Amino acid sequence: MTSNVSGRHHRSGWEAESPWATSWTAAAAVLMTFGGIMAIFQGIAVIAKDDVFVATRNFTYEFSLTGWGWVHVILGALVAVAGLALFTGATWARAVGIALAGLSMIANFVWLPYAPVWSIVLIVIDGFIVWALCAPRRGSRESRA
């Protein structure tokens, strides 16, 4: 909140309808930051030792493990940066966070045969991130007038 010369307070920008929405955004930022860092580590592990990962035969979405390692490193870095940007409260960070969490869900779906439990957990977390970033917001009172 900011105050003007008359001492009245007014709200600016997009603000959460409730403290819960703000808390969920902060939780999404933390999950995105740590999830991005973990994806970077996962990508590095795949690039360094791709013979550790075993996949089922004839999987429909079969790709090179090294290529998937680079996808995880790059996507993880973008997710971590967007998660850190969410702490600033920038509206663009919320929109980018939703898009990147969606891409992460798709990447983890395709990664299912290589690390099924980890992929399912990350798909659920990414779904939570999308939900938290889409929490109800209201515009400032000045914008409604």
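**Layout and core**

Modeller: Starting at the N terminus, the elements run β-β-β-α-α-α-α-β-α, where helices (H or I, at least four residues) and strands (E, at least two) are DSSP runs numbered from the N terminus. This is a predicted model, so local features need pLDDT of at least 70 and side-chain atom pairs count only at pLDDT 80 or more, while totals for chains, interfaces and linings use all residues. Residues are numbered from 1 along each chain as its sequence is written, and side-chain values use heavy atoms, with hydrogens and water left out.

Colleague: How many of the 145 residues count as buried, as a percentage?

Modeller: 34% of them. Buried means under 20% relative accessible area, exposed over 50%, and partly exposed in between (1.4 Å probe, protein chains only).

Colleague: What's in the largest nonpolar core?

Modeller: That core has 23 residues, and those with the most contacts inside it are Met32, Leu86, Trp111, Ile129 and Leu133. Helix 1, helix 2 (65–86), helix 3 (91–110) and helix 4 each give it two or more residues. Helix 2 supplies the largest share, seven residues. By nonpolar core I mean a set of buried Ala, Val, Leu, Ile, Met, Phe, Trp, Tyr and Cys residues joined through side-chain atoms within 4.5 Å.

Colleague: OK, switching to helix 4. Which residues are buried there?

Modeller: Ser119, Leu122, Asp126, Ile129, Ala132 and Leu133. They sit on the same side of helix 4, because they cover an arc of only 145° around the axis (the arc of the directions from the helix axis to the C-beta atoms).

Colleague: And what's on the face turned away from the buried side?

Modeller: The exposed residues Val117 and Val124.

Colleague: Why does leucine 122 count as buried?

Modeller: Because its relative accessible area is 11%.

Colleague: Now the outside. Which residues form the nonpolar patch on the surface?

Modeller: Val30, Phe34, Ile37, Met38, Phe41, Ile44, Leu84, Phe87 and Trp118, with about 870 Å² of accessible area together. Areas come from the Shrake-Rupley method with a 1.4 Å probe, and for residues only the protein chains shown count as cover. A patch residue has over 30% relative accessible area and no salt bridge, with nonpolar side chains (Val, Leu, Ile, Met, Phe, Trp, Tyr) joined within 5 Å and like charges within 9 Å. A salt bridge is a side-chain nitrogen of Lys or Arg within 4 Å of a carboxyl oxygen of Asp or Glu.

Colleague: Which helix gives the largest share of that patch?

Modeller: Helix 1 (residues 19–48), with six residues.
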